[in-house]
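Please look over the sequence and the structure before reading on.

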Amino acid sequence: MTSFRSLRFHMDWQGQKLAEQIMQMMLLVSAVIAFVAGYVLGSFQMMMIVYAGGVTLTALITVPNWPFFNHHPLNWLDPSEAEKHPKPQVTVSSKKKGTKK
Amino acid sequence: MHSFGYRLNGLLTFSVTILAVMCAMASLSDNLNTPSPSAEIQVTNINRFQKQPRGNDEVSLTMNISADLQTLFTWNTKQLFVFVAAEYKTPKNSLNQVSLWDAIIPSKEHAKFWIQTSNKYRFIDQGNNLRGKEFNLTLHWHAMPKTGKMFADKIVLTGYSFPEEYR
């Protein structure tokens, strides 16, 4: 059941891109297969059934936060580590820079 | 994409857009169909041919209608609407069309038929021009699609005429 617990987490950036690509490709492929099946069998209903199946399959694969979409997680810096490296200070020049001869 | 709801919305939107494209392609595929329908109508009897009190002619006739419209059906055809119209010319109107009978054919199996029927709708002229008049019987059809464009066409059958006298 660990895979279900990991659904609480989001995908990483690579995972999001992968999910979007998989979704677009699978929907287009489902549409092509459905149209060809319907045309060859001469059945409009068959086209709709095959397409609906393809959409459902695509939804199951690409919409939930499956673990394989999280293989390149971004590791945010630990707070204790961040304290050791203070942020660089921006030097503030209070006067406007004028043209100096 | 960013969250469950975002991805679900994107998937539903894209899938419905693709569905619209598929339906357009299905409608376009109807143009690949080359139908070869045939029909024959015989007027077996003129039952009544009278002038009404208001001065218009009325006819009641019995027809044998036989047709083979099976080639009009494609995978994208929902049903076929068929009607028979009598067409003739009078001094007042260059074309009169009177619908005599119609039917809905729901599937290819029912598209080859033979029916003997009297006219379903009354045949009343605008005036009293029908004695001895020649007329055509035209079988019209509308092929109603499941999605997309509806095709309509007809077969014209000539050579019919009314009796010279009322009966």
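What covers the buried residues of helix 2 of chain A? The model is a predicted one. In it, the cover over those residues includes helix 3 of chain A and helix 1 of chain B.

**Chain A**

Chain A has four helices and zero strands, and along the sequence its pattern reads α-α-α-α. Of its 101 residues, 25% count as buried. Among the chain A contacts with a separation of 6 or more, 75% are accounted for by residues 24 or more positions apart.

Helix 2 of chain A covers residues 13–41. At 1.5 Å a residue, its 29 residues should span 42 Å, and its end C-alpha atoms are 42 Å apart, which agrees. The buried residues of this helix include Gly15(A), Gln16(A), Ala19(A), Met23(A), Met26(A) and Leu27(A). Also buried in helix 2 of chain A are Ser30(A), Ala31(A), Ala34(A), Phe35(A) and Gly38(A).

**Two helix pairs**

Two packed helices are described by the angle between their axes and the distance between the axes. The table gives these values for two pairs.

| Helix pair | Angle | Axis distance |
|---|---|---|
| Helix 2 of chain A and helix 3 of chain A | roughly 165° | within 8 Å |
| Helix 3 of chain A and helix 1 of chain B | about 160° | 11 Å |

Angles over 145 degrees count as roughly antiparallel. Helix 2 and helix 3 of chain A are therefore roughly antiparallel to each other, and their crossing is right-handed. On the helix 2 side, the residues that make the contact include Ala19(A), Ile22(A), Met26(A), Ile33(A) and Leu41(A). On the helix 3 side they include Met46(A), Val50(A), Gly54(A), Leu57(A) and Ile61(A). By class, this contact of helix 2 with helix 3 of chain A has 17 nonpolar, five polar and no charged residues.

Helix 3 of chain A (residues 44–62) also packs with helix 1 of chain B (residues 4–29). This pair, too, is roughly antiparallel, with a right-handed crossing. Phe44(A), Met47(A), Met48(A), Tyr51(A), Val55(A), Thr58(A), Ala59(A) and Thr62(A) lie on the chain A side. They meet residues of helix 1 of chain B, among them Arg7(B), Leu11(B), Ser15(B), Ile18(B) and Leu19(B). The contact of helix 3 of chain A with helix 1 of chain B has twelve nonpolar, three polar and one charged residues.

**Helix 1 of chain B**

Ser15(B) is one residue of helix 1 of chain B. At 5% relative accessibility it counts as buried. Leaving aside neighbours within four places in sequence, Ser15(B) is in contact with Leu27(A), Tyr51(A) and Val55(A).

**A residue in a strand**

Asp102(B) is in strand 4 of chain B, residues 96–105. Its relative accessible area is 15%, and Asp102(B) is buried. Not counting residues up to four places away in sequence, Asp102(B) touches Phe81(B), Val82(B), Phe83(B), Lys120(B) and Tyr121(B). Trp141(B) is 39 residues from Asp102(B) in sequence, and the two are 9.4 Å apart in space, C-alpha to C-alpha.

Terms used
Residues are numbered from 1 along each chain as its sequence is written. Chains are lettered from A and ligands numbered from 1 in the order in which they are written. This is a predicted model: local features need pLDDT of at least 70, side-chain atom pairs count only at pLDDT 80 or more; totals for chains, interfaces and linings use all residues. Side-chain values use heavy atoms; hydrogens and water are left out. Axes are lines fitted to C-alpha atoms, for helices over the stretch in contact, and angles run from 0 to 180 degrees between N-to-C directions. Helices (H or I, at least four residues) and strands (E, at least two) are DSSP runs, numbered from the N terminus. Angles under 35 degrees count as roughly parallel, over 145 as roughly antiparallel, 65 to 115 as roughly perpendicular and the rest as oblique. A crossing is left-handed if the near helix is turned anticlockwise from the far one by less than a right angle, and right-handed if clockwise. Contact means heavy atoms within 4.5 Å. Ala, Val, Leu, Ile, Met, Phe, Trp, Tyr, Cys and Pro count as nonpolar, Asp, Glu, Lys and Arg as charged, and the others, Gly among them, as polar. The expected span of a helix is 1.5 Å times one less than its number of residues. Buried means under 20% relative accessible area, exposed over 50%, partly exposed in between (1.4 Å probe, protein chains only).
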